[in-house]
Every structure is written in structure tokens, then in C-alpha cells.
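Hi,

Here is the structure I promised to pass on. Have a look at it first, and my notes follow below.

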Amino acid sequence: AGHRLRTEAVTPALVQTLLKRRELVSKLQGKQQTVLALLDFALSAVPAASDGEFNLRRAYKSLAGCCLLLMCDSTVRAFPSTEASRVASASMPILALLPDMAKFFIHPNLATKFPIMNDPVFRNVLHITEPNAAFFADHIHRIIPPAWKRCGAVMWTSNKAGDKTFTQAS
């Protein structure tokens, strides 16, 4: 009758480990305040800059794969762990032109709430970039049909309802 429950302290490292499980991502969708609170807790373990860049990089890298990155389309995804899965800072003019790209842009409020998101070392380690030609070359195929790959031009149109469509220029 002397059953003892195994207890484990909830630490930022434990939260990071648990949030690398893909099955938890669906449970976080639509729960922005929860995601922000968990991200705040996970970031609380990041050492001070005075600990040196090596320790900072190691701490930042521990976030890779952790599903706490709020995107412009309000979804939650993992912090990128490779260059191929990189994301970009939000660019409102680009989002207005290419709204389907919102899933590749981090939510602009993240940098306001978490200034560490502006740290060049943090951004470099976690593959967060500015939108540039290389970024678009890697991601545009996800929103434009593959058959258009080598066409001369793509026309963007918008109707009165605000729906945006792409058509292959002839």
C-alpha cells in the first residue's frame, strides 16, 4: 500500500523535450496564449550573454524541433533544425501579395514579446532569416503549381471579394 508516485520537476529542458513530440503540435493549434507562455518558460533557461557565444548557441540549438514557433497564419510549428526548413521574419507587403506564404513567416509579435528573436546568433542557429531570393526559391514551389516552373511569368489578380488568384501568363 506504500505506492509512491514518480515525480519529475517541470523544467524548461523538460518542456523543450516534450514539445519536440509531433503529436503535441495539434493540441497547441489555436492556443496562442498557451504557446506564448510555454515559449516564455522554455526561453527562461537561456544563459546570459556573458556566458559566451558557445553556451548561447548550445542553448539556442536545444530549441530546434521544439513546437513553439507561432506563425503568421496562426499555426504552430517547430523551430527549424535545418536550413531547408528555415522560416522568415514577417514582411507585411509580401504577405499581402502572397498570403499562402504566411505559414513560412513567424508571427511579428514574437519579436516584440521576445527580443531574443532579434538576436543574430539566435536567428542564425535556428534558421530564421529575412525574406530574400533564396528563401523564396526554396518555398515558392509550395504555393505555385509545379507545372508553372519554367513559365515566363505568373499573373496575380484580385477580384472585388478580395480573393487573390494566380494564372500562368501566356
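His-127 counts as buried, at 15% relative accessibility (buried means under 20% relative accessible area, exposed over 50%, partly exposed in between, with a 1.4 Å probe and protein chains only). Its phi is near 55°, a positive value in a residue other than glycine. His-127 lies in the loop between H7 and strand E5 (128-129); helices (H or I, at least four residues) and strands (E, at least two) are DSSP runs, numbered from the N terminus.

Before going on, please note that this is a predicted model: local features need pLDDT of at least 70, side-chain atom pairs count only at pLDDT 80 or more, and totals for chains, interfaces and linings use all residues. Residues are numbered from 1 along each chain as its sequence is written, and side-chain values use heavy atoms, with hydrogens and water left out.

Ser-74 also has a positive phi, near 70°. This serine sits in the loop between E1 and strand E2 (76-77) and is partly exposed, with a relative accessible area of 33%. As background, most residues other than glycine have a negative phi.

Best wishes
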